Amino acid sequence: MQVDFYHLTATPLDRALPQIAAKVVSTGARLLIVTDNEEQRRHLDRLLWQYTPDSFLPHAQLGDADDAAQPVLIAPDVNAANNARHIALVDGVWRDDALDFDRAFHFFDDDRIREARLAWKALADRDGVERRYWKQNEAGRWEQAA
């Protein structure tokens, strides 16, 4: 199980998340996006339809369509009704239920860095968990820092 910590400094979630989601979907895998913030869920729903002029990421919010058929599902909690094996935690809150997936993407900004550090440390001793910490360089490119 792999957990990727993404510290959002230069690139906002609105640019980072669609790129990750597109990569997951391009491999034929499914993604569950989790945030307990209802407004953020609505925003992400709109964003994934139009983040670039030529983009199309098929998705839905939990309960809005045939959840099981969705390559990307946006939910308020860890409910993989689409049978996703990848999860993106986008509200800065770590959830241990993410460890039931093959890969977790934990996005956080400076407001949530303390919580992210605690999650990083808590996962250090977990068997079968590989942690990666990604930060951006001066050019805005993601680099693995740990």
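**Exercise 1. Work out the handedness of the crossing of α1 and α2, then describe how the two helices pack.**

Step 1. The model is a predicted one, where local features need pLDDT of at least 70, side-chain atom pairs count only at pLDDT 80 or more, and totals for chains, interfaces and linings use all residues. Residues are numbered from 1 along each chain as its sequence is written, and side-chain values use heavy atoms, with hydrogens and water left out.

Step 2. Helices are DSSP runs of H or I, at least four residues, and strands are runs of E, at least two, numbered from the N terminus. Now list who touches whom, with contact meaning heavy atoms within 4.5 Å. From α1 come Leu13, Asp14, Leu17 and Pro18, and from α2 come Gln40, His43, Leu44, Leu47 and Leu48.

Step 3. Sort that contact by type: six nonpolar, two polar and one charged. Here Ala, Val, Leu, Ile, Met, Phe, Trp, Tyr, Cys and Pro are nonpolar, Asp, Glu, Lys and Arg are charged, and the others, Gly among them, are polar.

**Exercise 2. Find which element gives the most to the lining of the largest pocket.**

Step 1. A pocket is an open set of points on a 1 Å grid over the protein atoms alone, with protein on both sides within 12 Å along at least five of seven lines; lining residues have an atom within 4 Å of a point.

Step 2. Look along the lining, which includes Tyr6, Ile20, His86, Arg103 and Trp142. Both α1 (13–26) and β6 (103–108) supply at least two residues each.

Step 3. By type, the lining holds seven nonpolar, three polar and two charged residues.

**Exercise 3. Say which helix supplies the largest share of the lining of the second largest pocket.**

Step 1. This pocket has 14 lining residues, with Leu8, Leu13, Gln40, Val90 and Asp109 nearest its centre.

Step 2. The largest share is three residues, from α2.

Methods. On a 1 Å grid over the protein atoms alone, a cavity is a set of points where a 1.4 Å probe fits but cannot get out, and a pocket is an open set with protein on both sides within 12 Å along at least five of seven lines; lining residues have an atom within 4 Å of a point. A crossing is left-handed if the near helix is turned anticlockwise from the far one by less than a right angle, and right-handed if clockwise.
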